[in-house]
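Colleague: I'd like to learn how to read a model like this. Can you walk me through a few features?

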Amino acid sequence: MSHWSANSKLAAEERERWGWLAREQMTPHVKAWLRANPPPYLCRYQVRFPNRVNRDWLNVAAALKVAEDGFVDAGLFPNDNNAIVPMGSVEVVLGDKENHGVTLEVVAYAERYSDSLSERT
C-alpha cells in the first residue's frame, strides 16, 4: 500500500468519524436553526491542544477539511463550497489540558454581515 492510499484511507475514516459526531449534535434545536438560517455560513473553528507545542495554523486548518466533508455527509451543510461556506476562521489554543478538542461555531453569514454593517455606522 502506497502512502497515498494509506492517507486516503485515513482521511475517509476521519471524514466518517466527523460525520457521526455531527449527526450526534443534530438535535431538533439545531435542525430548526438550520432551517431558519439558510446558507451561507461563517464557520469558526477553535482547536485546543493539551500541550504548548507550537502548531502551524494552516496545517491545522487543512486538517479540518475532512471534518467539513463529514459535516456535509451528516447534512449539516448541503455542500462545503464557497457559496455555502464563504468564510471561516481557525483559532489554535495551546495548553488546554482540561478541554482539548475542536469546537465549531456556525454563524449565519447574513447575520454576521448585518452586524458588521451596523457597527460601522
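Colleague: Is Glu-68 buried or exposed, and which side chain of opposite charge is nearest?

Modeller: Keep in mind that this is a predicted model. Glu-68 is buried, and the nearest side chain of opposite charge is that of Lys-65, 5.9 Å away. A salt bridge needs a nitrogen-to-oxygen distance within 4 Å, and Glu-68 has no salt bridge.

Colleague: Asp-80 is another contact of Glu-68. Where is Asp-80 found?

Modeller: Asp-80 sits in the loop between helix H4 (65-74) and E2. Its side chain has a polar contact of 2.6 Å with that of Lys-65. Beyond neighbours within four places in sequence, the contacts of Asp-80 are Lys-65, Glu-68, Asp-69 and Val-72.

Colleague: And the sheet: in what order do the strands run?

Modeller: Three strands make an open sheet, ordered E2-E1-E3, with mixed pairing. The edges are strand E2 (87-93) and strand E3 (101-108), each pairing on one side only. From one strand to the next, the twist averages 15 degrees.

Colleague: In which sense do E1 and E2 pair?

Modeller: Parallel: strand E1 (residues 41-48) and E2 pair over seven bridges. As one example, Arg-48 has Val-93 as its bridge partner in E2.

Methods: Residues numbered from 1 in each chain as written. Predicted model: local features only at pLDDT ≥ 70, side-chain atom pairs only at ≥ 80, totals over all residues. Heavy atoms only, no water. Pairing = 2+ DSSP bridges. Helix = DSSP H or I, 4+ residues; strand = E, 2+ residues; numbered from the N terminus. Axes fitted to C-alpha atoms, helices over the stretch in contact; angles between N-to-C directions. Polar contact = N/O pair within 3.5 Å; in protein donor to acceptor, adjacent residues only side chain to side chain. Contact = heavy atoms within 4.5 Å. Buried < 20%, exposed > 50% of the residue type's maximum accessible area, 1.4 Å probe, protein only. Lys, Arg positive; Asp, Glu negative; His and termini not counted.
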